[in-house]
Structures are given as C-alpha cells and as structure tokens.
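Here are my notes on the model you sent over.

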Amino acid sequence: MRTAFRFSATLSTIVLIISVIAAARGERLPVRRYTTAGGLARDSLHAILRDRGGFLWFCTEEGISRLDGCALRTLGKRDGWPDRDVRAIVQSRDGAFW
C-alpha cells in the first residue's frame with residue numbers, strides 16, 4: 001500500500017512538472033482592438049460573420065464594416081445597402097449576402 005502511495009505521489013509530481021513546462025511554453029496570441037478610430041462603422045456591434053473568403057463582417061447601426069485581415073472598409077446606404085442600421089448578415093450557398 002505504501003508503494004502504491006509513493007508511485008501515485010511521484011506520478012502526480014511528474015504530471016505537475018510537465019503541466020508547468022507546457023504552460024510556460026504557451027504563446028500569447030496577438031489581440032487587436034478595432035474602433036471607429038480605426039475604420040469601424042460604430043463601436044457597438046449587432047452581429048459578426050466570417051464569410052467563406054475569411055473576411056469578417058461587423059453589423060452596426062451606422063453600416064456594415066468588412067475586415068480583410070489588414071484594413072476595415074465600411075459600407076452603408078451610399079454603397080447600395082438599403083438601410084444603414086444592419087442587424088444581421090448571412091451568406092447563402094451561392095455566396096450572396098443577405
């Protein structure tokens with residue numbers, strides 16, 4: 001019984017050491033905050049969509065913004081959207097946006 005306890009304690013110690021080493025090697029992913037200052041239509045969002053091309057679409061009260069990975073482009077009524085207040089967006093199978 002004492003041997004089983006030693007084995008269990010040793011195993012627990014090894015697992016703990018491996019966990020600490022693995023956590024220490026973890027990478028911090030870059031986080032970037034997008035606001036109206038960076039081109040977002042509005043700071044508050046109604047919805048977010050990632051389309052098949054990898055672009056992110058942000059629905060706001062002031063239009064819809066698309067992030068291509070580098071820059072934001074905002075679209076609104078002047079670009080053909082029926083209303084500037086966009087509550088949701090979906091992409092159909094044929095690639096059209098609704």
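1. One definition before anything else: a charge sits over a ring if NZ of Lys or CZ of Arg is within 6 Å of the ring centre and within 35 degrees of the ring normal. R66 and F55 give you an example, with the charged end of R66 sitting over the F55 ring, 4.3 Å from its centre. Bear in mind that this is a predicted model.

2. Now the overall layout. You'll find one helix and four strands, and along the sequence they run α-β-β-β-β. Of the 98 residues in the protein, 18% are buried. The accessible surface comes to about 8,000 Å², and carbon and sulfur atoms account for 57% of that. As for contacts with a separation of 6 or more, 35% of them are between residues 24 or more positions apart.

3. Have a look at S65 in strand β3, which spans residues 63-67. Is S65 buried or exposed? S65 counts as buried because its relative accessibility is 0%, and the cut-off for buried is under 20%. Its side chain makes a polar contact of 2.9 Å with the side chain of T74. Leaving aside neighbours within four places in sequence, S65 is in contact with several other residues, including G39, L40, A41, W57 and F58.

4. On aromatics, the structure holds one aromatic pair. The partners are W57 and F97, in a tilted arrangement, with 4.8 Å centre to centre and 45° between the planes. This pair links distant parts of the chain: W57 belongs to strand β2 (residues 56-60), F97 lies in the segment after β4 (72-75), and they are 40 residues apart.

5. How do the two partners of that pair compare for burial? W57 is buried, since its relative accessible area is 7% and buried means under 20%. F97 has a relative accessible area of 30%, so F97 is partly exposed; that class runs between the 20% limit for buried and the 50% limit for exposed.

6. Which residues make up the largest nonpolar core? There are seven: L49, W57, C59, I64, L75, V86 and I89. In soluble globular proteins, nonpolar side chains tend to be buried together.

7. Not counting residues up to four places away in sequence, L75 touches W57, G63, I64 and W81.

Notes:
Residues are numbered from 1 along each chain as its sequence is written. This is a predicted model: local features need pLDDT of at least 70, side-chain atom pairs count only at pLDDT 80 or more; totals for chains, interfaces and linings use all residues. Side-chain values use heavy atoms; hydrogens and water are left out. Helices (H or I, at least four residues) and strands (E, at least two) are DSSP runs, numbered from the N terminus. Buried means under 20% relative accessible area, exposed over 50%, partly exposed in between (1.4 Å probe, protein chains only). Contact means heavy atoms within 4.5 Å. Accessible areas come from the Shrake-Rupley method with a 1.4 Å probe; for residues, only the protein chains shown count as cover. A polar contact is a pair of N or O atoms within 3.5 Å; within protein, one must be able to donate a hydrogen and the other to accept it, and residues adjacent in sequence count only if both atoms are side-chain atoms. Rings of Phe, Tyr and Trp (its six-membered ring) pair if their centres lie within 6.5 Å; planes under 30 degrees apart count as stacked, over 60 as edge-to-face and the rest as tilted. A nonpolar core is a set of buried Ala, Val, Leu, Ile, Met, Phe, Trp, Tyr and Cys residues joined through side-chain atoms within 4.5 Å.
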